[in-house]
Amino acid sequence: MQENERELVKRAQQGDRRAFGKLIQKYQDKILYLAYDLVGNYDDAQDIAQNAFLRAMNGIHAFKAQSSFSTWLYRIVVNLSIDYKRSVKRKKQLSIDEPTSDDMEQSYKEILNENDKLPDEITELKDFEYHVQRIVETLPQNQRVAFVLRHYHDMDMPEIAKVLNCKTGTVRSHLFRAISKLRTSLKEFERS
Amino acid sequence: MNQCPQQHMLVDLLYNELGDTDKRLLTTHLESCVNCRTTFDEFKAASQQLSMYKRPQPGRSQLTNYHRELKKLTQNPSRFSFSITALVDKFIVHPILPLRIVEYAIIFALGIWIGRWELTHHAAKHSKMQLGAIDENMLDNFLSNAEMLLLDVSNTETEGDLREVLIATNLNRMLQKNTLLKEQASQMNNVMLTNFLDDIELILLELANCDGTLSQSELSFIQQIIKDSHIMLEMKSLNAI
Ligand SMILES: [Zn+2]
């Protein structure tokens with residue numbers, strides 16, 4: 001299976017579009033879900049996923065087999081999602097009149113919560129799922145990415161380190177902080 | 001906050017990413033360190049809770065649309081970058097084995113073809129030298145000698161003068177050369193030169209025949225032949241070439 005993927009990547013690097021098509025088929029759903037886990041709605045997740053595959057296809061010649069293809073692809077998605085989050089944040093900032101930084105962070109979260117979900121999508125979500133999404137969303141960027149990759153995409157810490165381009169120790173620290181915060185938030189949720 | 005040095009490893013234990021030795025050490029530590037144990041239990045509980053989270057699924061139509069868009073990505077050739085480096089890589093650096101074999105076969109065949117072409121071409125050139133070409137040095141020499149002879153013959157007034165000219169001329173040698181050049185000219189299909197040499201030969205033969213017993217009438221006859229054949233004119237144009 002792994003050998004097969006390496007062969008597909010090699011052929012795609014030689015310009016074989018069908019080989020790249022097979023790689024897309026293999027990862028399309030995982031990539032869409034990863035984008036969703038990082039940005040919180042499927043419309044933007046679809047844009048990000050499509051964009052990620054386009055970038056991967058155009059940049060496949062630059063891909064060196066130092067990491068696995070999936071790690072490389074995940075990294076593209078993560079970077080696009082981070083860019084997306086930044087652009088959304090900038091838009092919110094522009095639309096809010098002279099906010100204080102605390103206000104701004106709060107408003108940002110509120111607006112994000114309201115706008116990122118279509119009304120029926122919100123009602124479809126169970127309370128618990130909705131709450132988990134919200135508290136994961138409040139995590140700082142790298143902690144959120146590390147948490148999502150570890151919990152929802154079953155990547156181990158060395159792999160996450162490759163995606164985030166950092167040391168495994170840094171990933172451990174991100175995960176420690178993330179799980180500490182989530183533990184507190186979940187306790188609050190249980191109390192309410 | 002707790003400063004226990006083992007604490008950062010709780011994450012590794014939680015995600016089961018510890019080696020056997022480290023796992024045993026940390027488990028032993030947890031038995032004695034309340035703080036770490038509490039933290040780990042809470043981590044575990046939180047992790048279990050979070051594992052119950054089910055990601056909402058995209059709508060069926062959205063998923064279909066997404067898959068269709070991705071299919072377009074590889075079906076539309078213009079969106080797939082065929083860089084020159086990719087082509088170089090595909091055909092020269094890392095061609096697939098059958099392609100490599102075909103490339104070698106083409107190079108081999110090309111080598112043989114060039115070799116054979118060069119061989120036949122060279123052989124043709126060589127054979128031309130042997131069979132068809134005119135020895136131009138010999139021709140030049142012969143023509144200038146013939147011209148001088150014919151001029152002398154045309155200008156002599158007495159048979160005595162002619163006899164002097166003929167003594168100074170090796171007629172037999174000239175006839176040999178003429179025969180040789182005529183052969184070469186006919187092999188080259190050079191009709192003009194062949195006819196011309198024919199004319200000269202006729203005169204040379206007349207001169208050779210009359211050698212010794214030359215009368216005034218015979219001299220006039222030969223001079224007339226030279227005049228009629230316009231051989232001097234032809235010779236001028238040949239020398240010009
Ligand atoms: Zn401890």
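This is a predicted model: local features need pLDDT of at least 70, side-chain atom pairs count only at pLDDT 80 or more; totals for chains, interfaces and linings use all residues.

**Burial and the zinc site**

Q: Why is H29(B) called buried?
A: H29(B) has a relative accessibility of 18%. Buried means under 20% relative accessible area, exposed over 50% and partly exposed in between, with a 1.4 Å probe and protein chains only; H29(B) therefore counts as buried.

Q: What makes C4(B), H29(B), C33(B) and C36(B) donors of the zinc ion?
A: Their atoms, SG of C4(B), NE2 of H29(B), SG of C33(B) and SG of C36(B), coordinate the zinc ion at 2.2 to 2.3 Å. Donors are N, O and S atoms within 2.8 Å of the metal (3.2 Å for Na, K and Ca), so these four atoms qualify. Along the chain, the donors follow the spacing C-x24-H-x3-C-x2-C.

Q: Why does C36(B) count as buried?
A: C36(B) has a relative accessibility of 0%, and therefore counts as buried.

Q: Why is N35(B) called partly exposed?
A: The relative accessible area of N35(B) is 41%, so N35(B) falls in the partly exposed class. N35(B) lies in helix 3 (residues 34-50) of chain B. N35(B) and C4(B) are 31 residues apart in sequence, yet 8.4 Å apart in space, C-alpha to C-alpha.

Q: How many helices and strands does chain B have?
A: Chain B has twelve helices and zero strands, where helices (H or I, at least four residues) and strands (E, at least two) are DSSP runs numbered from the N terminus. Of the 241 residues in chain B, 32% are buried.

**Aromatic pairs in chain A**

Q: Why is the pair of Y27(A) and F69(A) called tilted?
A: Nine aromatic pairs are found over all chains. The rings of Y27(A) and F69(A) are 5.9 Å apart, centre to centre, with 55° between the planes. Rings of Phe, Tyr and Trp (its six-membered ring) pair if their centres lie within 6.5 Å; planes under 30 degrees apart count as stacked, over 60 as edge-to-face and the rest as tilted, so this pair is tilted.

Q: What does the pair tie together?
A: Y27(A) belongs to helix 2 of chain A and F69(A) to helix 4 (residues 69-95), so the pair ties together parts that are 42 residues apart in sequence. Y27(A) counts as buried because its relative accessibility is 6%, and F69(A) because its value is 3%.

Q: What makes the pair of F63(A) and F69(A) edge-to-face?
A: The planes of F63(A) and F69(A) are 90° apart and the centres 6.0 Å apart; 90° is over 60 degrees, so the pair is edge-to-face. F63(A) and F69(A) are both buried. Ring pairs link Y27(A), F63(A), F69(A) and W72(A) into a cluster.

**The largest cavity**

Q: Which helix of chain A gives the most to the lining of the largest cavity?
A: Helix 7 of chain A does, with four residues.

How values were computed. Residues are numbered from 1 along each chain as its sequence is written. Chains are lettered from A and ligands numbered from 1 in the order in which they are written. Side-chain values use heavy atoms; hydrogens and water are left out.
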